[in-house]
Amino acid sequence: MTDTLPRTHEETGLKRLLRRFTASDRELDAEDLQQVSARSGAEKVCDCPRGRLTTVTGRLTSVRYTPRTNQPTLEAELFDGSGSVTIVFLGRRRIAGIEPGRSLTVEGRLALRDGRKVIFNPAYTLEPTTP
């Protein structure tokens with residue numbers, strides 16, 4: 001019969017510390033974003049199904065203005081650590097506070113466009129910036 005010892009908090013802390021030393025900055029950032037998202041009560045982008053009203057919290061990785069002849073469009077990529085969703089604001093050229101690196105929470109109906117997750121004209125809340 002093998003004698004197994006229960007896991008202790010020290011083992012978990014040591015594993016976490018080792019993970020911090022061996023993981024890339026990008027992996028650590030993704031893990032941190034997932035924790036922030038979970039604490040806020042938002043859903044993971046990877047788990048959001050098409051057609052359902054959803055709330056996602058993350059960080060904007062890119063923002064671009066797309067001039068169109070019929071309607072201008074502001075598009076932003078929101079990353080929550082598990083995946084990305086494109087946020088599309090129709091009829092807008094610029095929105096104060098919507099800039100790369102900014103954290104925000106969006107709520108809207110998730111759709112698919114060209115195989116990518118997208119939310120059109122979501123309700124959004126800008127998260128406070130940390131100094």
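Student: Is E77 buried or exposed?
Tutor: E77 is buried, with a relative accessible area of 9%. Buried means under 20% relative accessible area, exposed means over 50%, and partly exposed is in between, with a 1.4 Å probe and protein chains only.
Student: What kind of model is this, and what gets counted?
Tutor: This is a predicted model: local features need pLDDT of at least 70, side-chain atom pairs count only at pLDDT 80 or more, and totals for chains, interfaces and linings use all residues. Residues are numbered from 1 along each chain as its sequence is written, and side-chain values use heavy atoms, with hydrogens and water left out.
Student: OK, back to E77. Which side chain does E77 meet in a salt bridge?
Tutor: R116, at 2.9 Å, N to O. A salt bridge here is a side-chain nitrogen of Lys or Arg within 4 Å of a carboxyl oxygen of Asp or Glu.
Student: Where do E77 and R116 sit in the chain?
Tutor: E77 is in strand 2 and R116 is in strand 5 (residues 116–120). They are 39 residues apart, so the pair links distant parts of the chain. Strands (E, at least two residues) and helices (H or I, at least four) are DSSP runs, numbered from the N terminus.
Student: And R116, how accessible?
Tutor: R116 is partly exposed, at 47% relative accessible area.
Student: How many salt bridges does the count come to?
Tutor: The count is 4. One of them joins E75 and R64, with the closest N and O atoms 3.1 Å apart. E75 lies in strand 2 (residues 73–79) and R64 in strand 1 (residues 53–66), so this pair ties together parts 11 residues apart in sequence.
Student: How do those two compare in burial?
Tutor: E75 is buried at 5%. R64 is partly exposed at 38%.
Student: Which residues do shared partners join into one network?
Tutor: R64, E75 and R113.
Student: Switching to cysteines. How many disulfides?
Tutor: The count is 0. A disulfide needs a pair of cysteine sulfur atoms within 2.5 Å. For C46, the nearest cysteine sulfur is that of C48, 7.8 Å away.
Student: Is C48 buried or exposed?
Tutor: C48 counts as buried, at 5% relative accessibility. C46 is partly exposed, at 43%.
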